[in-house]
Structure formats: structure tokens, C-alpha cells
Amino acid sequence: MKKLINFIQFQAVWFLCIFGAAHQFELMAILISAGIIAWAILTSEHRTHDYVISLIAAIVGLALDSLLVSQNLISFTTAYWTSMAPLWMTPIWIALALTLQSSMSWLSGRYVLAGILGAISGPFAYWAGVRMGAGALTDLTTTMICLSVIWLIITPVLFYLSALLKARYDYSSK
């Protein structure tokens, strides 16, 4: 049941942030998403792990999405700044990180499969967000190829880092 709730939490944060950006209520979407994320972390069995992996994912996500913006591959719908990734993308990255040891834990240690699924689902999520009005892709083919390569690499890396952190914090708590 916890894994199903975790999956729903991720989907809710993703939808809230995309819909909020597309309909000019991104701050409200961020606040609601922050509440969902806070509840997820507070009820987690791996709270320290979740704090740390969330911070890593937020930083990596901000850097990668800002790189995509700076290379003019994607533009995000935002009322605040356009020269880097918008703030509303951060809760999505954090919510994704919170799935690594929960609803997506079946991919732990399966780095090739995680990379393949990331290379497919990552770009699809961006494309879906664009279709909902949360951004625009400058060149669909080039951007989707770049996103596939990024997610082919970043997905197994996040799983690897999550496993290292889980081992570290599980060991230190014994």
C-alpha cells in the first residue's frame, strides 16, 4: 500500500506542477506539492536518506533543466524567470527521488533496465508537460534525443546514489 501511495504522490506532484505552470498558478502548485513532499518524507521509513537524495535530485534537476534552457532546447512556462529552470520543476525532481526506494524500488540494482526506462519515460514526461502547456520544445527531434541521453544516464545514477545513501544510513542507524 505504501508503494501505491508513493506512486500517487509522485503523479500528483507532477500533474500539479505541470498544470499549475500551464495555467499561471505555479506558486500554488509549488506550495501544495511541498505539502505532499513534506508528508511523504515525514512518514518515510528512510527519512534521512529521503532528505539527502531529495537535495541531490533538486540540485541535479535544476542544473540539467537549466542546461536545456541555456541550450535553447526547451523553454518552460513561468511567470518568474526564463533564463534557467523554473522553480516549479524542483518539486517534480524531489518527488521522483522519493520513488527510488519506494514505488520504483523494483529497479534498484537493475541499472541497465533503469537507464532504458529512463530514456523512454523521461523524454515522454517532458513531451507530455509541453503538450499540457507547461513549456515548448524548440526542435522536437533534437530535444527528445538529448532528453533520452540525459535520462539514460541520470536514471541509473540516481538509483546508484540512492542505494549508496540507503546503505550508509541503514548501516549508521544500527
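**Loops, core and rings**

Guide: Q24 sits in the loop between α1 and α2, where helices (H or I, at least four residues) and strands (E, at least two) are DSSP runs numbered from the N terminus. The model is predicted, so local features need pLDDT of at least 70 and side-chain atom pairs count only at pLDDT 80 or more, while totals for chains, interfaces and linings use all residues. Residues are numbered from 1 along each chain as its sequence is written, and side-chain values use heavy atoms, with hydrogens and water left out.

Visitor: Is Q24 buried or exposed?

Guide: Q24 is exposed, at 62% relative accessibility. Buried means under 20% relative accessible area, exposed over 50% and partly exposed in between, with a 1.4 Å probe and protein chains only.

Visitor: What about the phi of Q24?

Guide: Phi of Q24 is positive, about 60°, although Q24 is not a glycine. Most residues other than glycine have a negative phi. N72, in the loop between α3 and β1, also has a positive phi, near 60°.

Visitor: Which residues does S105 touch?

Guide: Leaving out residues up to four places away in sequence, S105 touches K3, T99 and L100; contact means heavy atoms within 4.5 Å. S105 lies in the loop between α4 and α5.

Visitor: Which side chain makes a polar contact with the side chain of S105?

Guide: That of K3, at 3.0 Å. The S105 side chain also reaches the backbone oxygen of S102 at 2.9 Å. A polar contact is a pair of N or O atoms within 3.5 Å; within protein, one must be able to donate a hydrogen and the other to accept it, and residues adjacent in sequence count only if both atoms are side-chain atoms.

Visitor: Now the core. Which members of the largest nonpolar core touch the most others?

Guide: W88, I92, W93, Y126 and W151, out of 42 residues. Such a core is a set of buried Ala, Val, Leu, Ile, Met, Phe, Trp, Tyr and Cys residues joined through side-chain atoms within 4.5 Å. Beyond four places in sequence, the contacts of Y126 include W93, L147 and W151.

Visitor: And how many aromatic pairs are there?

Guide: Seven, counting Phe, Tyr and Trp rings (the six-membered ring for Trp) with centres within 6.5 Å; planes under 30 degrees apart are stacked, over 60 edge-to-face and the rest tilted. F124 and W127 form a tilted pair, 5.7 Å centre to centre with 35° between the planes.
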